[in-house]
Amino acid sequence: MAKEISNGVNHGTSKPPPTPSPLRNSKFSPESLELPLFSLPLLDGPSSSLLCMLSNAASAYFYDNFTLTDANLRILVTGGAGFIGSHLVDRLMENEKNEVIVADNFFSGSKDNLKKWIGNPRFELIRHDVTETLLVEVDRIYHLACPASPIFYKYNPVKTIKTNVIGTLNMLGLAKRVGARILLTSTSEVYGDPLEHPQTEEYWGNVNPIGVRSCYDEGKRVAETLMFDYHRQHGVEIRIARIFNTYGPRMNIDDGRVVSNFIAQALRGEPLTVQSPGTQTRSFCYVSDMVDGLVRLMEGDHTGPINIGNPGEFTIMELAQTVKELTNPSVPVNVVENTPDDPRQRKPDISKARELLGWEPKVGLRQGLPLMEEDFRRRLAIPREN
Ligand SMILES: NC(=O)c1ccc[n+]([C@@H]2O[C@H](COP(=O)([O-])OP(=O)(O)OC[C@H]3O[C@@H](n4cnc5c(N)ncnc54)[C@H](O)[C@@H]3O)[C@@H](O)[C@H]2O)c1
Ligand SMILES: O=C(O)[C@H]1O[C@H](OP(=O)(O)OP(=O)(O)OC[C@H]2O[C@@H](n3ccc(=O)[nH]c3=O)[C@H](O)[C@@H]2O)[C@H](O)[C@@H](O)[C@@H]1O
């Protein structure tokens with residue numbers, strides 16, 4: 001059972017949940033709708049299937065006839081206390097018609113990231129582990145819950161794979177039951193150590209199934225499979241984003257990812273640790289661009305998978321030199337040992353995102369790094385010297 005921690009109010013089972021929002025809209029007329037075939041047979045018992053039919057049908061009507069800004073949506077964000085999740089919550093809460101529920105176990109996320117929304121009547125925060133079932137009446141599920149830094153996901157690999165597999169199964173079960181649309185934040189790691197470059201969505205990947213990263217990359221691959229099986233078998237409306245390295249304010253300062261490591265090291269005057277050989281490449285997407293892509297994918301018409309990332313490609317050594325130049329030119333750059341199975345190259349082909357979502361990133365690395373540096377300076381209490 002989820003423990004409620006926000007607003008001093010129990011938002012769990014003590015009061016009946018309001019009707020899903022498309023049904024709450026006064027212009028909705030269920031009689032005028034043809035119910036979709038995929039809601040049959042009644043696999044979950046009559047009441048939930050009926051709810052699913054009505055909600056799916058209502059959504060179809062609703063989105064054909066109204067612009068997004070007219071929508072009253074109740075939105076669940078799993079992993080919403082984390083880095084990308086908390087920025088997504090900010091974006092969703094900006095629309096005053098939205099209600100947002102965050103479910104997070106705070107493994108790598110923090111209530112601090114959401115503090116500006118705590119107490120807002122349109123916002124609820126639930127301490128909840130997605131490996132347990134959750135019942136909330138929602139229209140949308142952004143399913144982000146999963147540690148993303150390799151250090152965090154390798155810390156307890158069995159838990160990581162449970163989060164990816166059982167957690168996604170639970171969220172798909174919820175989506176099916178309440179007729180919600182669900183978006184999975186998958187990863188470029190499904191391409192493994194890619195033999196095709198740049199990576200298109202058609203590429204099936206080159207992944208080690210038994211390596212130390214497998215709990216994460218194979219876990220996400222199974223999560224994608226589950227999404228498509230629920231879609232084909234149960235008609236659940238799905239969206240899959242394949243996210244490429246994303247950076248920005250609110251990353252955990254010591255979470256081990258490369259951009260946060262380099263900025264923290266530069267600010268502390270410590271050597272930047274380039275893991276060998278330093279010629280491996282990554283493509284870095286600023287978090288506001290990522291959130292924009294996720295919302296467009298969720299509200300668009302395409303299941304995906306769709307790559308969302310910045311196609312600008314940098315070697316890790318180039319990244320270190322750029323951080324050094326922008327943040328602290330006096331720090332040394334050291335080459336240190338790498339970890340197993342580190343992908344040698346990564347760059348998204350974003351043709352699909354451009355064509356199907358009308359999306360492309362706007363913030364370049366040299367614009368984004370200083371924004372992140374400001375946030376890290378504030379949190380580390382290292383003011384800029386004039
Ligand atoms: N940031 C990136 O570069 C990147 C790249 C590819 C994919 N992604 C995906 O995007 C999502 C968010 O990544 P992020 O960078 O914000 O990571 P993050 O670690 O900051 O956020 C993950 C959130 O999920 C929560 N969480 C973890 N396990 C949970 C569980 N079992 N139950 C409930 N909550 C749980 C954490 O506490 C945290 O708040 C993840 O699914 C990640 O795989 C991120
Ligand atoms: O884009 C993705 O799909 C994935 O990107 C990252 O995974 P990874 O690229 O391995 O992230 P980092 O730990 O930031 O490493 C990037 C590169 O920097 C190197 N690195 C890392 C840290 C460091 O201090 N120095 C350093 O050189 C690593 O060896 C690696 O080559 C994310 O952390 C994953 O959650 C995400 O799924």
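In the predicted model, a polar side-chain atom of T187 is placed 2.4 Å from an oxygen atom of ligand 2. Two further side chains take part in pairs of this kind, with an N or O atom of E189 lying 3.1 Å from an oxygen atom of the ligand and an N or O atom of N338 lying 3.2 Å from an oxygen atom of ligand 2. Considered alone, ligand 2 exposes 700 Å², of which the protein buries 95%.

Ligand 1 is surrounded by 29 residues, the closest being I84, D104, S108, L144 and Y216. Polar backbone atoms lie beside oxygen atoms of this ligand at several positions: the distance is 2.7 Å for L144, 2.8 Å for a backbone N or O atom of T246, and 3.5 Å for F106. Taken alone, ligand 1 exposes 820 Å², and the protein buries 96% of that area. At least two residues of the shell around ligand 1 are supplied by each of α3 (83-94), β6 (181-187) and α6 (214-234), with β6 providing the largest share, 3 residues. By class, the residues around ligand 1 divide into 13 nonpolar, 12 polar and 4 charged.

The loop between β8 (246-247) and α7 holds D255, a residue that is classed as buried because its relative accessible area, 2%, falls under the 20% cut-off. The side chain of D255 is joined to that of S260 by a polar contact of 3.1 Å. When neighbours within four places in sequence are left aside, the residues in contact with D255 are S149, I151, F152 and S260.

With regard to annotation, an unreviewed UniProt entry assigns the label "domain: NAD(P)-binding" to residues 76-370. In the model, the end C-alpha atoms of this span lie 31 Å apart, and its secondary structure amounts to 37% helix and 18% strand.

Terms used: Residues numbered from 1 in each chain as written. Chains lettered and ligands numbered in written order. Predicted model: local features only at pLDDT ≥ 70, side-chain atom pairs only at ≥ 80, totals over all residues. Heavy atoms only, no water. Polar contact = N/O pair within 3.5 Å; in protein donor to acceptor, adjacent residues only side chain to side chain. Areas by Shrake-Rupley, 256 points an atom, 1.4 Å probe, with all protein chains shown as cover. UniProt positions renumbered as here; feature names shortened; annotations may be inferred. Helix = DSSP H or I, 4+ residues; strand = E, 2+ residues; numbered from the N terminus. Buried < 20%, exposed > 50% of the residue type's maximum accessible area, 1.4 Å probe, protein only. Contact = heavy atoms within 4.5 Å. Near = heavy atom within 4 Å. Nonpolar A, V, L, I, M, F, W, Y, C, P; charged D, E, K, R; others polar.
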